[in-house]
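Please open the model in your viewer and keep the sequence panel beside it. The stops below say what to select next and what is there.

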Amino acid sequence: MATKTTENTNTAASASNSASTGAVSTADKKMKVDNASVDGDEMKNSSLHKFFVSSLKDIYFAENAIIEALEKMQQAATTEELKDAFEDHQLQTKKHVSRLEKVFKLIDESPEEKQCEAIKGIIKEGEEIIKSTQEGSMTRDAALIIAAQKVEHYEIATYGGLAQLAITMGHDKVADLLEKTLQEEEDTDYNLTEIAETFINFDAEQED
Ligand SMILES: [Fe+2]
Ligand SMILES: [Fe+2]
């Protein structure tokens, strides 16, 4: 792993079932941008601001889609451990939606959903896993964990990048909210790894 630390929240963790990116340390970065110019109108017209808002709409759509997907994954899961993990993260995901609504408000934009083809594809893959694995099997849980981690890594990449942009643009409160969600996505990714490696992968390997 590279020793470069200043940008590591811009990337998702590198491997499936791996621990996620390093902790977010923003204090230093914020110091650097304290005197960034935040002229309202000028900023709103900038290409970067437009990209930022468009990306927020994209992840706002994604989070809402994930709430539904987690419901299906929870119902399809075999073990109580995985069902509970999906249920807990569904509750967190509802918080992610309301945090995004706060973010839109802070930058004086309205919360709108922009269709996100990437998350639709990742969710579809999860649905195909449900169809192609046997109900009640551990193989299904092992596969569902990987599908869920793909969702988390998409979110980690998005929130990591957007939190950094928010800092650069001087939106410190927005950055704090995005980082809170980023931390929860990283924790979820880590918990899923733990569940897989504690027993689900081993039990799945014993199945025909
Ligand atoms: Fe989320
Ligand atoms: Fe998530």
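At what angle do the axes of α4 and α7 cross? Select both helices in this predicted model and look along them: their axes come within 10 Å and cross at roughly 170°, which makes α4 roughly antiparallel to α7.

**The contact of α4 with α7**

Now show the side chains where these two helices meet. On the α4 side the residues are Glu81, Leu82, Ala85, His89, Gln92, His96, Arg99, Lys102, Val103 and Leu106, and they meet a set in α7 that includes Lys173, Leu177, Leu178, Thr181, Glu184, Asn191 and Ile195. Coloured by residue class, the residues of this contact divide into nine nonpolar, six polar and six charged.

Next select Lys95, which is found in helix α4, and draw a distance to Thr181: the two C-alpha atoms are separated by 8.5 Å, although the residues lie 86 places apart along the chain. Lys95 counts as partly exposed, because it has 13 C-beta neighbours inside 10 Å.

**The whole chain**

Zoom out and colour by secondary structure. The chain comes to seven helices and zero strands, so the order of elements from the N terminus on is α-α-α-α-α-α-α. Of its 208 residues, 36% count as buried. Among the contacts in the chain with a separation of 6 or more, 77% are accounted for by residues 24 or more positions apart.

**The largest nonpolar core**

Which residues have the most contacts inside the largest nonpolar core? Select Met73, Leu144, Ile145, Ala163, Ala166 and Leu178, which have the most contacts inside this core of 44 residues. The elements that give two or more residues to the core are α3 (47-76), α4, α5, α6 (138-168) and α7 (172-206), and the largest share, 14 residues, comes from α6. In soluble globular proteins, nonpolar side chains tend to be buried together.

**Helix α6**

α6 has 31 residues and reaches 45 Å from its first C-alpha to its last, close to the 45 Å expected at 1.5 Å a residue. Is α6 largely enclosed or largely open? Of the 31 residues of α6, 24 are buried, so this helix is largely enclosed by the rest of the structure. Move on past its end to Gly170, which follows α6 and has a positive phi, near 85°.

Select α3 and compare its length with expectation: at 1.5 Å a residue its 30 residues should span 44 Å, and its end C-alpha atoms are 43 Å apart, which agrees. The buried residues of α3 include Phe52, Leu56, Ile59, Tyr60, Ile66, Leu70 and Met73, and also the charged-type positions Lys57 and Glu63. What covers the buried residues of α3 includes α4, α5 and α6.

Ala62, Ala65, Ala69, Lys72, Met73 and Ala76 in α3 meet Ile119, Lys120, Ile123, Gly126, Glu127 and Ile130 in α5. The residues of this contact divide into eight nonpolar, one polar and three charged.

Within this contact, centre the view on Ala65. Leaving aside its neighbours within four places in sequence, Ala65 is in contact with Ile119, Lys120 and Ile123. A distance drawn from the C-alpha atom of Ala65 to that of Cys116, 51 residues apart along the chain, gives 9.4 Å.

**Last stop: the loop between α4 and α5**

Finally, select Asp108, which is found in the loop between α4 (80-106) and α5 (117-132). Asp108 has a positive phi of about 60° although it is not a glycine. With 8 C-beta neighbours inside 10 Å, Asp108 counts as exposed.

Notes:
Residues are numbered from 1 along each chain as its sequence is written. Chains are lettered from A and ligands numbered from 1 in the order in which they are written. This is a predicted model: local features need pLDDT of at least 70, side-chain atom pairs count only at pLDDT 80 or more; totals for chains, interfaces and linings use all residues. Helices (H or I, at least four residues) and strands (E, at least two) are DSSP runs, numbered from the N terminus. A residue is buried if 20 or more other C-beta atoms lie within 10 Å of its own, exposed if 12 or fewer, and partly exposed in between; C-beta atoms are placed from the backbone. A nonpolar core is a set of buried Ala, Val, Leu, Ile, Met, Phe, Trp, Tyr and Cys residues joined through C-beta atoms within 7 Å. Two residues are in contact if their C-beta atoms, placed from the backbone, lie within 7 Å. Axes are lines fitted to C-alpha atoms, for helices over the stretch in contact, and angles run from 0 to 180 degrees between N-to-C directions. Angles under 35 degrees count as roughly parallel, over 145 as roughly antiparallel, 65 to 115 as roughly perpendicular and the rest as oblique. The expected span of a helix is 1.5 Å times one less than its number of residues.
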